[in-house]
Amino acid sequence: MRSKWLIAALVLSLAGNLALAGFVAGRISAPPPVPAGLDPMLGMFRVLHALPEARREVLRPEVRASLRGLRDELRRMRSAQHGINAALIAEPFDQEALAAALARFRAALLDSQEHNHEALIRIAGRMTTSERQLLRDAMTRARPPQHRERDGAGDPRER
């Protein structure tokens, strides 16, 4: 009887350790969070999911149109990133090739930002005042807690 309890305890301990190891591995391998202030469209997606279905249907065509254009821009950024990687490991090292690859990446990133900002303007233009307030709140909430709260005093921008 004692050996059954010992085996059960061993199995539970092993399962707990495996679950903990899986959790830690998942946290380590997850991509880092995108800082909130970098892309206002992150708040847009959060707000759209919170809206009633009827309002989502009104805004959905604009969102889809912005996502279609974003795919090409992401491909350009990935291609530019591959160019940076190749320039970094090339032998002999060519500073001008790296500078050109970084310039291509910077241009692709700027194009992507411009696309997102134009989409945000179009979508916000179709939102009600209260929906735009939700958007503002979602963009603010996306900031990591250490930026929102300092010493428990709340948002430093509200002081």
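Colleague: How many salt bridges does a search of the whole structure find?

Modeller: The model is a predicted one. A salt bridge is read from a side-chain nitrogen of Lys or Arg within 4 Å of a carboxyl oxygen of Asp or Glu. Searching the whole structure on that basis gives nine salt bridges.

Colleague: Where do R56 and E53 lie relative to each other in helix α3?

Modeller: R56 and E53 are three residues apart in helix α3, which spans residues 53–89, so about one helical turn separates them. Their closest N and O atoms are 2.5 Å apart, and the two residues form a salt bridge. E53 is partly exposed, because its relative accessibility is 37%.

Colleague: Which parts of the chain does the pair of E62 and R122 tie together?

Modeller: E62 belongs to helix α3 and R122 to helix α4 (residues 95–125), so the pair ties together parts that are 60 residues apart in sequence. The side chains of E62 and R122 are also joined by a polar contact of 2.9 Å. With residues up to four places away in sequence left out, E62 touches R122, I123 and R126. R122 is partly exposed, at a relative accessible area of 35%.

Colleague: Which residue does E131 meet in a salt bridge?

Modeller: The side chain of E131 meets that of R55, at 2.6 Å from N to O. This pair links distant parts of the chain, as E131 is in helix α5 (residues 129–141) and R55 in helix α3, 76 residues apart.

Colleague: Is E131 buried or exposed?

Modeller: The class is read from the relative accessible area, and buried means under 20%. E131 has a relative accessible area of 6% and is therefore buried. R55, at 21% relative accessibility, counts as partly exposed.

Colleague: Which residues make the nonpolar surface patch?

Modeller: Such a patch is built from residues with over 30% relative accessible area and no salt bridge. Here L20, F23, V24 and I28 make a nonpolar surface patch of about 430 Å². One of them, F23, lies in helix α1, which covers residues 2–29.

Colleague: Why is F23 classed as exposed?

Modeller: The class of exposed requires over 50% relative accessible area. F23 is exposed because its relative accessible area is 54%.

How values were computed:
Residues numbered from 1 in each chain as written. Predicted model: local features only at pLDDT ≥ 70, side-chain atom pairs only at ≥ 80, totals over all residues. Heavy atoms only, no water. Patch = residues over 30% accessible without salt bridge, like charges linked within 9 Å, V, L, I, M, F, W, Y side chains within 5 Å. Areas by Shrake-Rupley, 256 points an atom, 1.4 Å probe, with all protein chains shown as cover. Helix = DSSP H or I, 4+ residues; strand = E, 2+ residues; numbered from the N terminus. Buried < 20%, exposed > 50% of the residue type's maximum accessible area, 1.4 Å probe, protein only. Polar contact = N/O pair within 3.5 Å; in protein donor to acceptor, adjacent residues only side chain to side chain. Contact = heavy atoms within 4.5 Å.
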